[in-house]
Amino acid sequence: MRPAHLIAAAGAVVASLSLLSACGKDDAAGGGSGAISVTATDSSCEVGTKSGTAGATTFKVTNKGSQVNELEILAPDGKIVSERENIGPGTGAEITVTLAAGTYKVMCSAGMTGKGPSQSFTVTGEGKATDPRLDAAVASYRTYVGEQVDDTLAKAKKFAASVSKGDIAGAKAEFAPSRVGWERIEPVAESFGDIDPKVDNREADLKQGDKWTGWHQIEKALWKTKSLKGEGPYADQLVKDLETLKTRVGTASITATSMANGAKELLDEVATGKVTGEEDTFSHTDLSDFKGNVDGAQKAFELLKPVVQERDADLASDLTDEFAKVQKLLAKYEKGDGYVSYDTVGKDQRKELSDEVNALAEPLSKLAGVVAK
Amino acid sequence: MTEVSRRRLFAYSGVSLAAGAAAGAGLVSVAQAVEQPADDGAVPFFGAHQSGIATPVQDRLHFAAFDVVTDDRDRLIRMLKEWTAAGAALTGGRPYGSAAGGLPESPPDDTGEALGLPPARLTLTVGFGPTLFEKDGKDRFGLKARRPAALADLPHFPGDALDPDRSGGDICVQACADDPQVAVHAIRNLARIGFGVVAVRWSQLGFGKTSSTTPDQQTPRNMFGFKDGTRNISGDDDKALDQHVWASAKDGVPWMAGGSYVVVRRIRMHIETWDRTSLKEQQDTFGRTKGEGNPYGAEHEHDPVPLAKLPADSHVRLAHPDSNGGVRILRRGYSFTDGSDGLGRLDAGLFFIAYQRDPRKQFVALQNRLAGNDHMNQYVQHVGSGVFACPPGPRKGGYWGETLFA
């Protein structure tokens with residue numbers, strides 16, 4: 001689970017993106033004269049040009065209204081490609097996105113309500129030619145994503161059955177394994193912004209009035225309240241939501257760059273949620289999720305590796321080494337089919353894990369740039 | 001410099017090298033290209049001695065101690081080369097690589113918070129701790145035999161309450177600047193460059209210089225409200241520096257010639273207790289007045305100290321070179337305040353930094369005397385500690401620690 005404010009950005013699976021503040025005077029990429037101007041007011045959204053060619057495209061928005069505005073670029077299927085929030089009255093901002101052919105919507109949302117006037121923006125052309133090996137990597141990754149969704153769904157069904165039966169011991173044993181497939185492909189799953197909060201919200205992620213559902217709600221019942229009374233419907237809902245993911249996942253837009261960004265995001269998840277023990281605060285099964293995140297990132301890297309090897313052999317070599325090191329370190333904590341409880345992992349050991357995550361995540365953050373070259 | 005290490009530097013980053021700089025010399029050419037003229041507040045980076053020792057003390061400190069987390073000697077050397085290139089850029093007031101103009105798909109090379117800020121006299125001073133050479137009796141990186149005898153582990157001093165999480169480290173970096181953002185930016189970027197090779201073990205921010213290496217300037221006050229460091233070694237007193245601060249080839253460790261040894265101590269002050277202490281007791285503790293700072297029996301701050309007129313257990317008397325056979329150290333400490341502790345007391349004190357030619361004969365001798373006798377011990381506690389061998393300054397075309405790894 002990632003904080004709600006990041007979900008929209010993670011949804012930009014059409015291509016990589018960068019959000020650039022307009023205050024940067026120093027040659028911000030894409031901020032040159034080729035930028036497409038957008039003038040936002042409280043009730044209008046004027047786009048300077050109605051069409052463009054495939055590839056990197058920069059929108060430069062100016063807010064001439066009296067309310068704080070938000071610029072959203074929406075894909076033909078309605079998903080958010082990219083957005084820029086908190087554009088104050090009288091200020092501006094830029095978004096750079098890589099767009100494939102299609103008809104997009106540019107929306108200005110005064111008051112940041114997620115709604116507002118919009119204009120169409122049509123993209124034509126092929127964009128730059130892609131390396132066929134990257135297309136092959138994307139195809140293989142799609143297969144992997146499908147397999148992981150199947151895996152998590154099958155195991156979630158077993159888990160749900162135990163919950164419905166009131167079998168606490170069984171459900172406890174099945175909780176962490178049911179999450180592994182999900183954790184491996186979390187950035188893709190999160191690109192469907194509505195599923196992630198339903199299945200993976202932590203209690204601390206809720207707003208007042210939100211209904212809490214998903215794995216962690218049941219986790220609390222199992223480990224904290226130690227009663228499965230009334231949990232059956234939550235278990236059924238979890239399965240239902242994962243079934244929705246299965247029907248939709250084939251439509252996810254995946255590019256080589258988004259794979260690379262997704263790998264980096266998986267390590268971000270580890271760094272901010274798992275190393276601190278916040279992800280599975282009741283069950284302390286964080287290391288199982290940790291392993292899932294690392295495996296998913298490693299899969300993306302390995303599929304991209306032939307191209308990376310050619311373009312930046314040092315990066316390929318460093319990433320190979322660091323993945324091996326983090327896997328070796330994780331292996332020290334294996335116990336039975338899973339991992340030791342994270343509350344038994346001491347401060348020095350957590351520091352060691354954190355250092356290794358940093359050692360891997362830093363070179364991993366360079367992967368998207370190499371793939372996008 | 002091999003082709004591999006040059007590519008290492010820039011292949012990740014998308015930084016494009018000018019054609020002329022790319023030919024063979026790689027990193028070095030880049031380092032030279034980013035050098036700044038000395039008149040814009042930049043302290044020269046290359047030289048016989050590292051900057052940040054005899055350099056006039058800047059206003060702010062970020063000191064970081066790192067553990068080396070790899071066993072790969074070549075990777076460690078590669079990082080030191082990259083640190084050197086970064087150090088040359090940052091001390092020159094430039095970002096390391098691209099801060100905002102690189103590939104949109106990549107994170108910027110430089111984190112950017114120092115963009116537009118002047119060099120602020122930033123200095124970066126690197127040192128190597130005993131555990132870089134050997135740990136638990138085992139040789140590391142083939143360096144055990146090269147460990148200087150002067151880099152001995154510090155002994156336990158009476159009253160020490162050292163926190164292992166604030167002590168030791170394989171490598172230290174002292175970043176000093178007149179702007180705290182510049183100092184923090186430097187440590188942050190070096191830490192980032194180092195991921196996978198080093199990991200931050202602990203770090204300390206300091207805000208008010210407590211010693212001056214420029215005697216004609218106003219002597220700063222420490223958190224006790226007293227002038228301190230009055231009789232420090234002046235940064236332009238070459239004779240005293242050669243005698244007390246710079247290691248010499250004659251000392252038996254050729255790779256340290258032109259280097260120096262630094263001892264750092266996080267000295268927590270019992271602020272609330274001190275503040276309730278009478279003026280007389282405070283002044284007796286130092287052996288000097290609080291206002292002017294003159295030693296007892298003398299009229300002005302910088303007058304010769306009539307030692308016999310000072311209380312026998314006063315700090316100035318005990319620490320004075322004349323009480324210690326002429327032993328002197330170059331102090332460069334900073335005050336620190338890390339908010340409050342869990343009991344509502346100010347977590348404040350002195351981050352003591354002292355450079356010297358041989359800690360065994362200088363800091364250890366002095367501290368043994370002070371720890372056993374100094375009246376000030378009632379009001380302070382040493383809670384963190386480190387000792388590091390700071391190699392000579394990097395030469396143009398070389399790197400931090402080159403003489404050690406050669």
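Me: How does H2(A) cross H9(A), left-handed or right-handed?
Reply: H2(A) goes past H9(A) in a right-handed crossing, meaning the near helix is turned clockwise from the far one by less than a right angle, with anticlockwise being left-handed. This is a predicted model, where local features need pLDDT of at least 70, side-chain atom pairs count only at pLDDT 80 or more, and totals for chains, interfaces and linings use all residues. Residues are numbered from 1 along each chain as its sequence is written, while chains are lettered from A and ligands numbered from 1 in the order in which they are written.

Me: And what's the angle between H2(A) and H9(A)?
Reply: About 165°, with the axes 9 Å apart; H2 is residues 132-165 of chain A and H9 is residues 286-311 of chain A. Helices here are DSSP runs (H or I, at least four residues; strands are E, at least two), numbered from the N terminus. Axes are lines fitted to C-alpha atoms, for helices over the stretch in contact, and angles run from 0 to 180 degrees between N-to-C directions.

Me: Why call H2(A) and H9(A) roughly antiparallel?
Reply: Because of that angle, H2(A) is roughly antiparallel to H9(A); the label is for angles over 145 degrees, with under 35 roughly parallel, 65 to 115 roughly perpendicular and the rest oblique.

Me: Which residues of H2(A) meet H9(A)?
Reply: Arg133(A), Leu134(A), Ala137(A), Ser140(A), Tyr141(A) and Tyr144(A), and they meet Lys299(A), Ala300(A), Leu303(A), Leu304(A), Pro306(A) and Val307(A) in H9(A). Contact means C-beta atoms, placed from the backbone, within 7 Å. By class, that contact has nine nonpolar, one polar and two charged residues (Ala, Val, Leu, Ile, Met, Phe, Trp, Tyr, Cys and Pro are nonpolar, Asp, Glu, Lys and Arg charged, the others, Gly among them, polar).

Me: How far does H2(A) reach?
Reply: Its 34 residues span 50 Å from first C-alpha to last, close to the 50 Å expected at 1.5 Å a residue (1.5 Å times one less than the number of residues). Just after H2(A), Gly166(A) has a positive phi of about 80°.

Me: What about H9(A) and H10(A), at what angle do they cross?
Reply: Roughly 160°, with axes coming within 10 Å; H10 is residues 313-331 of chain A. That makes H9(A) roughly antiparallel to H10(A), and the crossing is left-handed. By class, the contact of H9(A) with H10(A) has twelve nonpolar, three polar and two charged residues.

Me: New topic: which residues does the "Imelysin-like" annotation cover?
Reply: The unreviewed UniProt entry puts that domain at residues 137-367 of chain A. That stretch is 73% helix and 2% strand, with its end C-alpha atoms 14 Å apart.

Note on methods: Two residues are in contact if their C-beta atoms, placed from the backbone, lie within 7 Å. UniProt positions are given in the numbering used here, feature names are shortened, and annotations may be inferred rather than shown by experiment.
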